[in-house]
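Dear colleague,

Here is the structure I promised to hand over, with my notes on it below. Please read them with the coordinates open beside you.

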Amino acid sequence: ITPKLRTNLGEVHYQLACLHGMGRFSVDEPDVTSIVFHLAHACSLRNVSSCLALGRLRAGLKSCSVFTTTVESHISNQIIPIDIDAAKTLFQRAMEEEEEDGNNDVVPAKPRAAAGCLLWQIIQQEEESALSSSQNNDCNNLPTLPPSNIMIMDLLEKTLHYMMKSKEEEEEATVHQQQQTISTTEEKKQVHSVGNKVEANFALEGTYYSCVITEIVKEENDEEDKITVMYDDDGTLEIHTVESIRSRPIPIRKKTATIINNNNINDSIIVDNEDERWIVEIYTIRGELAKRKYELYQRQINDNMTKVNNCLRLDAVRLYEQASQEA
C-alpha cells in the first residue's frame with residue numbers, strides 16, 4: 001500500500017465515521033458499531049484526526065468531531081473502555097510524521113498540536129501521581145512511571161513546533177482567502193510580495209506549478225511589474241507578470257466536522273472541530289520546556305560533568321523570555 005493510498009483510505013474511513021455519528025445512514029439512533037469500526041480502521045491507517053478522536057475517548061474525554069451527545073455515554077461505558085496507555089499510544093501516533101509520505105503538508109498541524117497537549121497533560125498527571133506515591137512510601141499502589149526528562153522535552157518541542165506551524169497555517173489561509181476575493185490587476189499587485197507562495201504559468205503553456213516570489217521589479221509608465229519566481233521542484237527562475245500568477249491552493253483542512261440540518265445534505269453547514277482546540281497556551285509549553293532545560297543544565301553541573309551543555313541554559317533563557325512576552 002502506498003503512502004498516498006493509505007492517507008486517502010484513512011480519510012475515507014474517518015469521514016464515514018463522522019457520517020455515521022451524525023446518523024446519516026440510520027433512521028433512529030446512530031450506528032455506534034459502525035462508528036467505532038471506521039474510526040479504528042482510520043487509526044490503523046494513521047489518520048491524524050481519527051487518532052485524536054479515539055485517543056480522547058480512551059482517555060475518558062468526549063470527542064465532538066465524530067460522536068453526538070446522545071451516543072457519547074453509551075460508547076464510553078460499553079464499547080470503548082478507558083485505557084490511558086492506549087490513549088497515549090494514539091496521541092503519539094497522531095504526532096508522528098512519516099518522511100516517505102511526502103504529503104505531510106496536507107495534514108494540518110492543529111490536531112497534532114492538540115494531541116501533544118493532551119499527551120503532556122497525561123504525563124503531568126503521571127508525574128504528580130509518582131511523586132505522591134514516593135512521598136507516602138506507597139509500595140502497594142505503584143503508579144505508571146512517567147517518561148524520562150529527555151523524552152518529555154522532545155514531546156514539548158514537537159508540540160511547540162506544531163503550535164507555531166498551526167499559527168502559520170491559519171495566517172496563510174487568511175491571506176489565501178483574501179487573495180481569492182481579489183479581482184482587479186491593481187489589487188493583485190498590492191497583495192503579491194517577496195516570499196509569497198504562489199503558482200505560476202510555466203512558460204505560459206497553461207500549466208501552473210508551485211513557486212515562491214523572489215523579486216518584484218516595479219515598472220513605470222503603466223507597464224506591468226516584473227515578478228521573478230523560483231519553482232519548488234527544480235529551483236529554476238522565471239519572470240512573470242501579475243496576470244500569469246495565481247495564489248497557491250492551501251491544502252489545510254480547517255473545518256473537519258459537518259452538521260446535517262433536517263437530514264438534507266443541501267442544508268449542511270461546516271463547523272470547527274472542537275477536538276482540535278488546545279487545552280494549554282503556547283507560553284505554557286514554552287515555560288515548561290524552559291524549566292526542564294534549565295533543570296537538566298543544573299543537574300549536569302551538580303554531577304560535575306566534564307562537558308556541561310551551555311546551550312541548555314541559553315535555550316532556557318530564550319524560552320522564558322518568549323513565554324513572558326506571550327503571557
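The protein exposes about 18,800 Å², and carbon and sulfur atoms supply 49% of that area. Please keep in mind throughout that this is a predicted model. Of the 327 residues of the protein, 39% count as buried, and the chain contains 10 helices and seven strands. Among the contacts with a separation of 6 or more, 59% are between residues 24 or more positions apart.

The largest nonpolar core has 50 residues, of which Leu39, Val66, Phe91, Trp120, Met163 and Ile285 touch the most other members. The elements that give two or more residues to this core are α1 (3-21), α2 (32-44), α3 (48-58), α5, α6 (109-136), α7 (149-180), α9 and α10 (310-326), and the largest share, 10 residues, comes from α6. Tryptophan 120, leaving aside residues up to four places away in sequence, touches Glu127, Ile152, Leu155, Leu156, Ile285, Glu288 and Arg292.

Helix α9 (residues 282-302) deserves a separate look. At 1.5 Å a residue, its 21 residues should span 30 Å, and the C-alpha atoms at its ends are 30 Å apart, which agrees. The buried residues in α9 are Ile282, Ile285, Arg286, Gly287, Glu288, Leu289, Ala290, Arg292, Lys293, Leu296, Tyr297 and Gln300. When you read that list, recall that an α-helix has 3.6 residues a turn, so residues three or four places apart point the same way. Just after α9, asparagine 304 takes a positive phi of about 55 degrees.

Two further helical residues may interest you. Lysine 88, which is found in helix α5 (residues 84-95), is buried, with a relative accessible area of 12%, and, not counting residues up to four places away in sequence, lysine 88 touches Leu119, Ile122 and Glu126. Histidine 161, by contrast, lies in helix α7 and counts as partly exposed because its relative accessibility is 45%. Histidine 161 and alanine 109 are 52 residues apart in sequence, while their C-alpha atoms are 8.8 Å apart in space.

As for the cysteines, the count of disulfides comes to zero. The sulfur of cysteine 43 has its closest cysteine sulfur in cysteine 51, at 4.3 Å, which is too far for a bond, given that a disulfide requires the two sulfur atoms to be within 2.5 Å. Cysteine 43 counts as buried, at 3% relative accessibility, and cysteine 18 likewise counts as buried, at 2%.

Finally, the charged pairs. A search of the whole structure finds 13 salt bridges, including one between aspartate 275 and arginine 56, in which the closest N and O atoms are 3.5 Å apart. Aspartate 275 lies in the loop between β7 (269-271) and α9, whereas arginine 56 lies in helix α3, so the pair ties together parts that are 219 residues apart in sequence. Both partners are on the buried side of the cut-off: aspartate 275 is buried, with a relative accessible area of 1%, and arginine 56 counts as buried at 13% relative accessibility.

The side chains of arginine 58 and aspartate 83 meet in another salt bridge, at 3.7 Å from N to O. This pair links distant parts of the chain, arginine 58 being in helix α3 and aspartate 83 in the loop between α4 (69-79) and α5, 25 residues apart. Aspartate 83 counts as partly exposed, at 31% relative accessibility.

Arginine 246 forms a salt bridge with glutamate 199, the closest N and O atoms being 2.9 Å apart. Because arginine 246 lies in strand β5 (residues 245-247) and glutamate 199 in strand β1 (residues 197-201), the pair ties together parts that are 47 residues apart in sequence. Arginine 246 counts as partly exposed, at 41% relative accessibility, whereas glutamate 199 is buried, with a relative accessible area of 11%. Lastly, salt bridges that share partners join Glu157, Lys293, Asp315 and Arg318 into one network.

With kind regards

Definitions and conventions
Residues numbered from 1 in each chain as written. Predicted model: local features only at pLDDT ≥ 70, side-chain atom pairs only at ≥ 80, totals over all residues. Heavy atoms only, no water. Helix = DSSP H or I, 4+ residues; strand = E, 2+ residues; numbered from the N terminus. Buried < 20%, exposed > 50% of the residue type's maximum accessible area, 1.4 Å probe, protein only. Contact = heavy atoms within 4.5 Å. Expected span 1.5 Å × (residues − 1). Core = buried A, V, L, I, M, F, W, Y, C linked by side-chain atoms within 4.5 Å. Salt bridge = Lys/Arg side-chain N within 4 Å of Asp/Glu carboxyl O. Areas by Shrake-Rupley, 256 points an atom, 1.4 Å probe, with all protein chains shown as cover.
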